Amino acid sequence: STFALEMKEMDKKPFSVEAIRADFPILQTEVYGKPLVYFDNGATSQKPQVVIDAIEQYYSKENANIHRGVHYLSQKGTDAYEKARKTIQTYINAAHEHEIIFTKGTTDGINLVASCFGELIHEGDEIIISAIEHHSNIVPWQMLCERKKAVLKVIPVLESGELDQEAYRALLNEKTKLVSCTHISNSLGTINPVKEMIQQAHAVGAKFLVDGAQSIQHLSIDVQDLDCDFFAFSSHKVFGPTGAGALYGKEDILNAIPPYQGGGDMIAKVTFEKTTYNELPFKFEAGTPHIIGGIATGIALEYLSSLDLEGLQAYEHELLTYAEEQLKVIEGLRFIGTAKEKASVCSFFIDGLHPFDVGTLLDKQGIAVRTGHHCTQPIMDFYKIPGTIRASFAFYNTKVEIDQFIKALKRSVDMLR
Ligand code: PLP
């Protein structure tokens, strides 16, 4: 009940970064004899001990295939896997457990929708994406549009890195069948107003997919409140393992579209004449899945749920403001992405310096950042730069680490100038 949830919230200890850091063993690592400062959380997040332990425990004591066996370990594995599905459902507030499809990650989820929902797309139909999408939310739609002779439209971006909402509204029409848009831009940090965008898409009868790869680890997600039709995320960006993730889809849509891949588990009955498909969610889960990947996704989300999420989000914002204040003083530094609503991502370019050179020198000083186009080439072309230097923060990062980063950055710039 809501009351029980509120009581649980009150039990949570206020957010403390010192306590949190102890949960992530890799944060004690050194690189080149220097303490690791890990600011590449946008690419992948680090794993808390509970997730590492679950993986170890599974392979050393519990490994078995699921959904088929009558024996003890198979049933135990099945229970754990299905419990994880329930955890994901609760975490994103889906109405039903069977609306959660286990996937390999965001890319896999988007491709599932492009393939299966794509079967309902016909010549002349329109699909809308945005100018700030990750390649994994561009290419599957290009492939679909080519296959179905449909038309791909792109919401333009403003200089700030915000989407041009007026242009978006103008693109929507009765031919629009689907809008697929990122919740948070991985290269700019822009938080898109997806809730309003979804309402507007629905007003013309279009469905909406939210790419949640960068939002599930920073925002509280409520798919029913957003009213999105699909929501895709990767476990590895939300403190779980690689090769795992989930796709949320509304029940009626998942029932209306054909399955993704054929194979074991997704069938009800197979004969050479005809095969009937299994019910949701199994219809979309052919073959032996990444069992511990799914289980550990649940553990990672349970871990997150045990934290003071509001405190955590405020802290991440504090890190962003602190870093931006300090970066401002570096000569020739230009922020790429200055949206009003931003996640804890600092993307920037320094005049005359190639991001790769800066990144390489930072690495030698123990600072892990990402440089390049971040799988968002079109947005780099828009800003007419080869790429950016991106520091993306998680709640286990600290202001002391930001100080170390700024010091190392100043040294790198001096060396290159
Ligand atoms: N979408 C966004 C916004 C991303 O940042 C990423 C990964 O960086 C993806 C999609 C693809 O995620 P994955 O490679 O985990 O499938």
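Reply: Both faces of β9 are covered: Phe 230, Ala 232 and Ser 234 are buried on one side, and Phe 231 and Phe 233 are buried on the other. The model is predicted, so local features need pLDDT of at least 70 and side-chain atom pairs count only at pLDDT 80 or more, while totals for chains, interfaces and linings use all residues. Residues are numbered from 1 along each chain as its sequence is written, and side-chain values use heavy atoms, with hydrogens and water left out.

Me: What makes strand β9 largely enclosed by the rest of the structure?
Reply: Buried means under 20% relative accessible area, with exposed over 50% and partly exposed in between (1.4 Å probe, protein chains only). In β9 (residues 230-234), 5 of the 5 residues are buried, and the strand is therefore largely enclosed. In a regular strand the side chains alternate between the two faces of the sheet.

Me: How do you know that β9 pairs with β10?
Reply: Two strands pair if DSSP finds at least two bridges between them. Strand β10 (residues 245-249) and β9 share 5 bridges in the antiparallel sense, and Leu 247 of β10 is the bridge partner of Ala 232. Strand β8 (residues 207-211) also qualifies, being joined to β9 in parallel by 3 bridges; there Val 210 stands opposite Phe 231.

Me: Why is helix α5 called mostly covered?
Reply: Of the 11 residues of α5 (residues 106-116), 8 are buried, including Ile 110, Leu 112, Val 113 and Cys 116. Contact means heavy atoms within 4.5 Å, and the cover of these buried residues includes β4 (100-103), α6 (139-148), β8, β9 and β10.

Me: What makes a segment a helix or a strand, and how many of each are there?
Reply: Helices (H or I, at least four residues) and strands (E, at least two) are DSSP runs, numbered from the N terminus. The protein has 15 helices and 17 strands.

Me: Why is the protein called as compact as a globular protein of that length?
Reply: The radius of gyration is taken over C-alpha atoms, and the globule rule is 2.2 Å times the number of residues to the power 0.38. For 417 residues the rule gives 22 Å, and the radius of the protein is 22 Å, close to that value, so the protein is as compact as a globular protein of that length. Buried residues make up 54% of the 417. Among contacts with a separation of 6 or more, 72% come from residues 24 or more positions apart.
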